[in-house]
Amino acid sequence: MPTTYLPLEDLRVLDLTDARGDLCGRLLGDLGADVLRIEPPGGVASRRLPPFGPDGTSLHFAYRNTNKRSTVLDLTTPEGRLKLLELVSEADVLVESFQPGMLASLGLGADVLAQRNPDIVIASLTNFGQTGPDRDLEATDDVVVALSGWLALSGVPDKPPLLPPGSLASDALGVLGAYAVTLGLLQVMHGGGGQHLDVSALEALAQMNTWGLPNSSHSLARGSAPQMLRSGDSPMYPTIACADGYVRQVVMAPGQWRALWERMGSPEAFGDEYWESFFNRLSNLDVLNELFRAHWSSLGMLDGCREAQSRGIVATPMLSPADILADGHFAARGSFRQAEVAPGLRASVMAGMWEVDGERVGYRFRSASLGEHEAAFTGNRFLDSCDHAARDDGALPNDTSDARNLPLRGLRVADFGHGGVGVECGRMLAEYGADVVKVESRSYPDFIRIFLGGEMTPSFASSSRTKRCLGLDLKHDGAAEVLEHLVGWADVVIENNSTGTMEDLGLGWEALHALNPRLVMVSSQLMGSRGPLAGWTGYGPTIQTVGGLSWLWAFDDGEGPPGSNAIHPDHLAGRVCALGALAAVIARERGCHGAHVEVAQVEALMGTLGDLFLQESVTGGSARPEGNDSSAGAPWGVFACNGDETWCVVCVRDDDDWANLRSAMGNPGWAQDQALETTAGRHLARDLVNAGVSAWTAELSARDVQDLCQAAGVPAGRLVHPVEQLEDPHLEQRGFLVGMDQPGLGRVVLEGACITGSAMAAPVIGPAPFIGQHTRRFCIDDLGMTATRVEELISAGALEAVDELPA
């Protein structure tokens, strides 16, 4: 049944992406846009990417191209280019993923398109961005992962670094590309005109790499060595074997430890208050892990997790795609729809990443066959329903160095987030001009700011950069007065508390909507706010297990997942929340009511594995761990190079790549076998081929392997650690490395923006606040409260303020 809430209804999008970022158009289509995919004769390459259905349909393409129409234009011909320009005149958005400069070489550069339509938003989604020394590197998703820092700590020392499953880089690029489009649209709606947006997959992943850059830079500044060698799961998030599978257990807060201690039978040796300290437990993991393993060894995976969660213990089961498709919670939520995903092919498709006012926003119709539709738009124009009125403080300036020239200037956000998801949503809004005020107190501080023992950490500095902080004890009787002012002030409220927490505080959607009908509220819970498991709590790594990622992120050797320190998908879910928030803001500015946008964190993760769920749905048992192999080509994987723990990802996509790699290796005798001339033949002889490539890379540095492959046109990228990224010439030239003096930490390097625009000022990046740092001025200047009343509430303990910041 089609959804009725379509915030981007009538938006006309030309989609020229191919094999990278194509989730962008799908997400815009989910939100109501009319997306017209432009394909060359013969179709885009992503129609030939695995996994495949029984009839040969690319499930990669089918999943990422629902809610799109398809037409064929040959842009190598004058007729094709002219037709595209005619469509540009009628469109609102164009997204493309060609190599930088390719469209310009065809006479279709951003300047030409803007002449045709000054209000068009052009988003270029590339692996490395439009500028910089590495912009033209040949890459696959896995090459980008290697260069992004993600691969460095994935896996265990006795095995090669392990690539993540799915299309992580491309899908992150798609999510950020869609977010970039909403930024551009808001700037158009506020009188700023169209522009060219540059979105980099490398930078998108580096932003989402578990705060690798700020943590590494801070460690180095303190004279300590950052972790350089992969060691499996973080000790904070262990995976533990149980009677019939695996669980991931997280014990951080004292209350979680006490609940677990009681669940284990209250062992006397661990009854002392000493064990309630996170640091003390971290120092005794050799003892505690044995205790945990013994406890779980006789418990069933599902029943054990249900019992643990009922006691307030964070534990989640490691589910396979097959488990998830059959799970009652996801069935109750409608996470999947049995629907046609390609002509004649029905399967279980992810229904969508958002719910708005309790209604699913997502899948509407199947992916199109090649050239199924006319090269035309019909119906209303998106901008015709927008009044183009600038905000009250005047039209946007033309000077891109002017900080006022940011798309979210004037947007006011109350950030009740904590941990990763909510605060990352707020960070993405603040970076592009929103005034984000973080709400917390010393009685309930954000655990990311305090888990090292102080009030500031590199992780918190990254996620809460540029924000102000209102110190407010939400459980204090005097908080209601301040909250009423705050809700009236805000355009957007963000929260990712446990299900029911905001309602218990009197801050549920119905209450907030009654106070401010124009408010957009964004909520994100682990398993969503409804369904049998809605009450479950957890953290990013616990989502990996219950969302199918951990089970797939493994070698195909039967030994299970080796683990990673990544908190993924916290950063991803935060960006999905930010995209949903801006879509609702756009709808509100077009005359719609305020809205409650919900993102189940587990569904944000599952939404980037959608083609694998399709695969499992149509062929049971087919979605399995691949390790570092890939059905997309061979040889393909992570190859050891000359030196200690140096590695390079090499990907042969087709027979041309194979010929070029063979030449780069000096045409060794083993590679001359006629059976290896085809992709199918190399798949059959994968062990032989991988051994041959490994023998070649073992004699060379990782940089030499990358350079030789790239010179031959073969995708390759060395494993890069965040420490190395701190001096990376490409990231430096693109301004991605942002050094900053953070009070409470000293000098730290933060991840910069992965989205820049030709008509947009540089994103705002400033220090993160301390608890209550802005309480007095915010309450008086922004909320209109009297200084006398503010001091009374501070004295009563409802408000918290600091007069002097730590050094």
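Q: Over the ring of which residue does the charged end of Arg26 sit?
A: This is a predicted model, in which local features need pLDDT of at least 70, side-chain atom pairs count only at pLDDT 80 or more, and totals for chains, interfaces and linings use all residues. Residues are numbered from 1 along each chain as its sequence is written, and side-chain values use heavy atoms, with hydrogens and water left out. A charge counts as sitting over a ring if NZ of Lys or CZ of Arg is within 6 Å of the ring centre and within 35 degrees of the ring normal. The charged end of Arg26 lies 4.9 Å from the centre of the ring over which it sits, that of Tyr63.

Q: How many aromatic pairs does the structure hold?
A: Rings of Phe, Tyr and Trp (its six-membered ring) pair if their centres lie within 6.5 Å, and planes under 30 degrees apart count as stacked, over 60 as edge-to-face and the rest as tilted. By this rule, the number of aromatic pairs in the structure is 8.

Q: Why is the pair of Tyr179 and Tyr432 edge-to-face?
A: The ring centres of Tyr179 and Tyr432 are 6.2 Å apart. The pair is edge-to-face because the planes of Tyr179 and Tyr432 stand at 70°.

Q: Is Tyr432 buried or exposed?
A: Buried means under 20% relative accessible area, exposed over 50%, and partly exposed in between (1.4 Å probe, protein chains only). Tyr432 has a relative accessible area of 0%, so Tyr432 is buried.

Q: Which residues form one aromatic cluster with Phe270?
A: The cluster brings together three named residues, one of them Phe270. Beside Phe270, its members are Tyr274 and Trp275.
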